[in-house]
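I opened a new structure today and kept notes as I went. Here is what I looked up.

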Amino acid sequence: MAQERSEQQVLSEGSEVHSEPGQSPEAVTAGAVDQGRDAGTTGATATRVPLTDRAASRGGKPGAAAVLDAPRVKVVSFEFAEGDVLADHAARHPVLIQVIRGRVDFTLPDGPIELGPGELLHLETMLRHAVRALEPTTVTVTMLLPEA
């Protein structure tokens, strides 16, 4: 059975929650975001991509499609049918995993957790894990790549 979810949950040693719920956006992003009318540039680009129905389940395994491939980030959308399994593996870069729809069980070294819509899971480099869909599910994996 997957661990119960809490509002803030540290899953492994070294993971930290850096802000309290309910803080202002300015407080949470201080030092990382320029704010105000003179902030940033108008010459950069924004990319909008659909995340669901980009691939199909492959008979017990999820389908995958790269939905964004940029210099320091790659986003892959996975489509799981109920019961599909992504066997033990480890990413060479830190990743952010987000369930767009559905529910999955993640098997981590510390034990399994259930992840659903509205939740984000950060995995450090080379952390072994496996995924099993509890129902039809779309998951995005954001790979945080080093500078080239």
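**Overall look**

I began with burial: of the 148 residues in the chain, 26% count as buried (buried is under 20% relative accessible area, exposed is over 50%, partly exposed is in between, with a 1.4 Å probe and protein chains only). I noted that this is a predicted model, where local features need pLDDT of at least 70, side-chain atom pairs count only at pLDDT 80 or more, and totals for chains, interfaces and linings use all residues. Residues are numbered from 1 along each chain as its sequence is written, and side-chain values use heavy atoms, with hydrogens and water left out.

Next I checked the elements and found one helix and nine strands (DSSP runs numbered from the N terminus: helices are H or I with at least four residues, strands are E with at least two). The order along the sequence is α-β-β-β-β-β-β-β-β-β.

I also looked at contacts (heavy atoms within 4.5 Å). Of those between residues at least 6 apart in sequence, 63% join residues at least 24 apart.

**Strand β2**

I wanted to know how enclosed β2 is. Six of the eight residues of β2 (residues 73-80) are buried, so the strand is largely enclosed by the rest of the structure.

Then I looked up its partners (two strands pair if DSSP finds at least two bridges between them). Strand β1 (residues 63-70) runs antiparallel to β2, joined by seven bridges. The two form a hairpin with two residues between them, and D69 has K74 in β2 as its bridge partner.

**Salt bridges**

I counted five salt bridges (a side-chain nitrogen of Lys or Arg within 4 Å of a carboxyl oxygen of Asp or Glu).

Which residues are linked in a network of salt bridges? They are D53, E79 and R101. D53 and R101 meet at 3.7 Å, N to O. D53 sits in the loop between α1 (25-29) and β1 and R101 in β4 (residues 95-101), so this pair ties together parts 48 residues apart in sequence. R101 and E79 meet at 2.8 Å, N to O. E79 is in β2 and R101 in β4, so parts 22 residues apart in sequence are tied together.

I compared their exposure too: D53 is exposed at 62% relative accessible area, R101 is partly exposed at 32%, and E79 is buried at 5%.

My last entry is D105 with R132, at 2.9 Å, N to O. This pair links β5 (residues 104-108) to β8 (residues 129-133), 27 residues apart. D105 is buried at 14%, while R132 is partly exposed at 37%.
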